Every structure is written in structure tokens, then in C-alpha cells.
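The points below take up its charged pairs and then its overall build.

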Amino acid sequence: MPRSLITGVGMYVPPKVVRNDDLRAYFDTSDEWIYSRSGIKERRWVEEPASTAELGYYAAQQALERSGKRPQELDLIVFATLSPDMYFPGSGVLLQHKLGLDTTPALDIRQQCSGFVYGLAVADQFIRTGMYRTILLVGAEIQSTWIDYSPEGRTVGVLFGDGAGAVVIEAAENAHRGILSTHLYSQGAYARELCVAEPSSATRQHILPGSYGMRAYMNGKEVFRHAVQRMGEAVQEALSAQGWQAEEVDLFVLHQANIRIVQAVAEFFGLPMDKFYNNIHKYGNTTAASIPICLTEAWEEGRLQPGSKVILAAFGSGFTWGSVALIW
Ligand code: UT7
């Protein structure tokens, strides 16, 4: 059975840097509050008008170039996002067209912060069964356009940023490297603890008087509590599946929602923070893009070498969570 090997990584973030203090133009907030609660110093925002598929395209171009693949060699595109260009269709088909492709299949994954982990699991299954050999997986988000800039929006609004990351995944025969195991979970009982409930097929809110369009709701403390527990479980499951001790893993890449979540997981396993790749201080929470952006920067810094043992884990809206164990 072929293994799934990541052969190229890429990322794109918009050039506009928005520092914590810049957010005081919109919210009653402070650098001190944001940094001490989340670890975020700044994030990137697009200049409007912008397109999530376009951000994904820039990241994809870099990943394709680094893997030495042409778009025409792709068998499948998987696009993870909570902020698609359109209500429907998904952004995957828009990226497919931007890449100059004619009929290559494209599917969107709507698992929010867990989107990239879910996407890797999906790609891995297509490769293991032999159905596809070369897959492009993209996580991309534009969140600055849905942030609620009213006073009620400040808790959520200061956390999120825009950006994209991409990987090319290829089938490799007789490989000792690649994706070893994936574990996925969801728990819809908590769907309303972190959601954008409208626009919704359940209401005609957008044409009703008093309509406020999109507004994210997050029960921050509840989400935090579950994130620490589930991320820890997901990491443990990846370790157990491989029979690895936590100490022998070269790099953990956890979804970048809050540095305190990563610190709590590190503490649980008795690991130093330098085993965890973090860049939340620069980009905030980029949802489905956060893990591939981390992978790209970690690779550029030489922290991912052939043979490196890596564990990825994510938790987010849904609730959804999961982990991946791989050898780079
Ligand atoms: O990516 C998907 C997963 N998402 C997450 O994992 C996020 C999980 N949650 C969190 O990261 C944290 O709960 C937050 C960063 C969102 C909040 O941190 P917290 O330590 O739980 O803060 P809090 O909710 O206890 O807020 C404390 C205070 C409140 O004021 P009062 O009621 O104590 O007077 C808030 O109104 O901070 C206030 N506050 C703010 N103050 C300044 C809320 N937002 C802000 C703000 N600036 N932006």
C-alpha cells in the first residue's frame, strides 16, 4: 500500500500587518490583554477586495514549485476553509480554475480549525487506496472581512488573521516515511459554542429588518477547556498508535488558536516548548491555514528533515479535532 509523502510546502500571507495596538481603532482592547490572553502580537489582513481562493493559489504555487510538480499533474485538490469566496460553490473549484486546470476534481472541507488535519486524512485515504497519486491540499482563510467590528465582537475579533498554506502530497511505494496514522473526531453537541450562525439556510435573516449579517459567537472559556483536553488526547492517540514516547518526537505542530493551549499540552506531556512550532504571535489564528503555514516556516528553518518524527493536532469549531503522525 503506498504511503502519503508531503513533497512540497507553501504559504502566503497578505503584506498588511495589523498590530494589537492598531485594533484599538475598532475595539476597546489593549496589546497587554491580547498578548497575555493569547500570545498574539500581530496578524495579517487583506486589502479588500480579496479572494480566499487567490490566497490559496499563491500558497499552492509555492508548494507545487517546491515539489517540482505542475498543476496538470494533480489528481485532486482539497481545499479547507471556513471563509469560502462564495456560499456555494466551494473555493476548491475556483482554485482549480486559477491553476489553469480543466476537469481536475476539487472538494472543500468545512472543519474550521481542524480542516487541515481532516484534509490530510482524506488525502491519505485516496493515496492509500491507489485512487490518486498526487494531491494538493490547501488551507486558506480571509477572516478580516467577517469580523464583527461592533463592541460585542472584540473577544473574537482580536484573535483571527488572514493567510494560506498548502502542501503537495504524493504516493510513495515502499517508503518508510510519510503519513503513518490519522485520527479524527467531532462532537456536534457543541456546534453552537463556536459558530457563525448566519447567513443560514434556516432563516431569511439577510432580508429581515434588524439583520446584522455575519457575527461569530464563541464561548471562549468552554472552547479553551475542550481544546486543551481534546488536543492532549489527540496527541496521545498519535503517540500510542506509533508506540512513540513524547520525547522522541522531533516536532509537534498544533493548531495556533492560543499559545496557552499549546503550553498546557506541553506541560501535560512534560515537554519543553521548543518541541512545538509556534508562530501565533505573527499571524493570530488563521484557522485551516495555521498548520500548513507552520509547516512551511518550520521547513524553511530546517526544522523538518527527512526522517523527522512529527505530530500534528488541531481542535476547533464543530467541535472537531484530530491528529496526524508522520515521518517527514
Ligand atoms: O480556533 C478555534 C479554537 N478557539 C480557541 O481555542 C479559543 C479558546 N478560547 C480562548 O482562547 C480564550 O478563552 C480567549 C482568548 C478567547 C479569552 O481568554 P480568557 O482568559 O478566557 O478571557 P475572559 O473570557 O475571561 O475575558 C476576561 C475579560 C472579560 O471582562 P470581564 O467580564 O471580566 O470584566 C471580557 O469582557 O476580558 C474582556 N475582554 C476583553 N478585554 C480587552 C474580552 N475580549 C477583550 C478584548 N480586549 N479583546
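How many salt bridges does the structure hold? The points below begin with that count.

1. The model is a predicted one, and the structure holds 15 salt bridges. Side chains of opposite charge can pair when their charged atoms come close. The protein chain carries 28 positive and 35 negative side chains, and the centres of these two sets are 2 Å apart.

2. Arg215 pairs with Asp148 in a salt bridge whose closest N and O atoms are 3.0 Å apart. Arg215 sits in the loop between β9 and β10, and Asp148 in the loop between β6 and α5, so the pair ties together parts that are 67 residues apart in sequence. Arg215 is partly exposed at 32% relative accessibility, whereas Asp148 is buried at 12%.

3. A salt bridge also joins Lys309 and Glu248, with 2.6 Å between the closest N and O atoms. This pair links distant parts of the chain, 61 residues apart: Lys309 belongs to strand β12, and Glu248 to the loop between α6 and β11. Lys309 is partly exposed, at 21%, and Glu248 is partly exposed, at 33%.

4. Lys69, Arg70, Glu73 and Glu170 form a network of salt bridges. Within it, the closest N and O atoms of Glu73 and Lys69 are 3.4 Å apart.

5. As for the overall build, the protein chain contains 9 helices and 13 strands. Its radius of gyration is 19 Å, close to the 20 Å that the globule rule gives for 328 residues, so the chain is as compact as a globular protein of that length. Buried residues make up 55% of the chain.

Technical notes. Residues are numbered from 1 along each chain as its sequence is written. This is a predicted model: local features need pLDDT of at least 70, side-chain atom pairs count only at pLDDT 80 or more; totals for chains, interfaces and linings use all residues. Side-chain values use heavy atoms; hydrogens and water are left out. Helices (H or I, at least four residues) and strands (E, at least two) are DSSP runs, numbered from the N terminus. The radius of gyration is taken over C-alpha atoms; the globule rule is 2.2 Å times the number of residues to the power 0.38. Buried means under 20% relative accessible area, exposed over 50%, partly exposed in between (1.4 Å probe, protein chains only). Lys and Arg count as positive and Asp and Glu as negative; His and the chain ends are not counted. The place of a charge is taken as NZ of Lys, CZ of Arg, CG of Asp or CD of Glu. A salt bridge is a side-chain nitrogen of Lys or Arg within 4 Å of a carboxyl oxygen of Asp or Glu.
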